[in-house]
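Welcome, and thank you for taking a look at this one with us. Please have the sequence and the structure open as you read.

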Amino acid sequence: MAPVAVLKVATTPFEGQKPGTSGLRKPVPVFQGEHYAANFVQSTLSCIPAAELQAGSHTLVVGGDGRYYMQDAVQMIVRMCAANGLRKVIIGQNGIFSTPAVSCVIRKRSAAGGIILTASHNPGGPNGDFGIKYNISNGGPAPEGVTNAIFNYTKTIKEYLICPDITVDLASLGTQTFQVAGQPQPFVVEIVDSVEDYLQMCRDIFDFPTIKALLATIKIRADAMCGVMGPYVRRILCQELGASADAAVRCDPKDDFGGHHPDPNLTYAADLVNTMKTGDYELGVAFDGDGDRNMILGRGGFFVTPSDSVAVIAANCDCIPYFQRTGGAKGFARSMPTGGALDRVAEGLKVPMFEVPTGWKFFGNLMDAGKLSICGEESFGTGSDHIREKDGFWAVMSWLSIMAARKASVEEIVQTHWAKYGRNFFTRYDYENVDAAPANQMMANVEQLITGATFVGKEFSHGDKTYKVAKGDNFTYTDPIDGSVSTKQGLRIVFEDGSRVIFRLSGTGSVGATIRMYVDSYETDAAKQKLDAQVMLKPLVEIALKLSQLRELTGRDQPTVIT
Ligand code: VG1
Ligand code: CO
């Protein structure tokens, strides 16, 4: 067969191709614009360091959550990889890979990195969001140094390379080989089972017979929210571990997620919450579109906050074979806005603790350096150093392992945890799709207020509660491994009793602004630990809303989502 031609296409830069908290996310029509996606992919491919490519056998892993436009994007990426001299691309069947599965496959097959097609929890469909994220050879999201280089490249791009004549059969497992004009070696595309490598990894981490025995006695309900996790739930939970047939709900991936937000929280996964209230299931779990987030519910709809979930897993990590083998946990970490429950466990177990900015990319260096085993974010992200992404399914398997070992229900496990370590009450208010101007104004005002000379020592009251300011700043992080500095990572008010209020603008939205307000407060009084978080945190919430003038500036009386 004649070699396929490489085409050099002239292009001009697009504004705003700056990767956010987790990749570049824009409405689908923006990605569909001529050259838009190609510009970003070329910028990404051009910024992969030669040494990393070499070490990774010039191989990339590609896949995504099945959302609208993904198939087109996969074909385009393959054509561009071929034209740019990559030697091999490994793709999940039909383009499907969960985000944790991509991380797993990159590591397992020692690839140079991967490209993940997802906008995660953002809605999909023709008018929903699409996203492209680049992961490096450790399997984790590219750190800021790399994403900044990609962004700079997008600002001056003049051309991209593509082999328009290549079309891959994404449905057939096995390899397809192409000869690209001017290249000494063939270009290979390997289509692999979307679940297989990930399943094998789970077998190494967890004890399948123990979990299978547990699932013979209790019922689990797993809601994939029409995202990528359907095939993983069916294959691993149902087929391998014997969960009952009614365990798997919304497990057929849809390119518009059935018109919903594939976001596993109390608002968008309300169906699961209601089903759990029937009392028929011991464990309820939900995943986001790309499978890196998880929500954990106990019988009756008992909600485990993500900040508590990671703390409970850390405190009970001796129930998980992976950590038994490695002699326990080396370190714990959480993102700055995440509730402080994990810090208490670190203290108790005398394990080092790290606080990083929002976004999983900040955990990678610590893991690579062998300093971090278990970490989490309040945004329903939980994971460990088994890969370099948060991993929703791993969290579920961890909970099942703990339930089996402790012979206790979700609620009992959490109550026992609070009794031992105290309870951090946590809530997050999201104001989605606010106009950018008032959102920025509010952030600027709050920053000025809390970094002012007279702020520390100020007292704020609501009802009979008074809080005295200990500290106010815009969070700056210095990576302990490579010394890189990340500034402006969230406005933080810390009170003398350790309670915290944090304001951030989301870096994953695609239009307007989303304001996130986080409130975290610690309680040792056992009598108060069973109270409702919203009731307990009400005074701080009111203080935060008043001090920020959020309602007045945005015109929003109520948040879109309360967690
Ligand atoms: C949000 C969360 C953050 C998470 C990120 C990606 O970012 O707050 O904790 O890492 O989403 O998650 P932001 O900038 O919108 O607050 V995922 O599952 O959307 O890739
Ligand atoms: Co996600």
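## Where the ligand sits

Let's begin inside the protein: ligand 1 takes up the space of the largest cavity. Please keep in mind that this is a predicted model.

What classes of residue make up the shell around ligand 1? The shell holds 10 polar and 9 charged residues, and no nonpolar ones. There are 19 residues around ligand 1 in total, and those that come nearest are Thr21, His121, Ser379, Gly507 and Thr508.

## Polar contacts to the ligand

Arg516 has a side-chain N or O atom 2.6 Å from an oxygen atom of ligand 1. For Glu377, an N or O atom of the side chain is 2.7 Å from a ligand 1 oxygen. Ser22 also takes part, with a polar side-chain atom 3.4 Å from an oxygen atom of ligand 1.

Stepping back to the whole chain, you can follow three domains: domain 1 covers 7-194, domain 2 covers 198-421 and domain 3 covers 423-562. By these bounds, Ser22 falls in domain 1, Glu377 in domain 2 and Arg516 in domain 3.

## Where domains 2 and 3 meet

Now for the meeting of two of these domains. The C-alpha centres of domain 2 and domain 3 are 26 Å apart. Across the boundary, 30 residues of domain 2 contact 26 residues of domain 3.

About 2,400 Å² is buried between domain 2 and domain 3, with 56% of that area coming from carbon and sulfur atoms.

Note on methods: Residues numbered from 1 in each chain as written. Chains lettered and ligands numbered in written order. Predicted model: local features only at pLDDT ≥ 70, side-chain atom pairs only at ≥ 80, totals over all residues. Heavy atoms only, no water. Near = heavy atom within 4 Å. Polar contact = N/O pair within 3.5 Å; in protein donor to acceptor, adjacent residues only side chain to side chain. 1 Å grid on protein atoms, 1.4 Å probe; cavity = no way out; pocket = protein on both sides within 12 Å on 5 of 7 lines; lining within 4 Å. Sits in = over half its atoms within 2 Å of the grid points. Nonpolar A, V, L, I, M, F, W, Y, C, P; charged D, E, K, R; others polar. Domains from an automatic or database assignment. Contact = heavy atoms within 4.5 Å. Buried area = accessible area lost by both parts, 1.4 Å probe.
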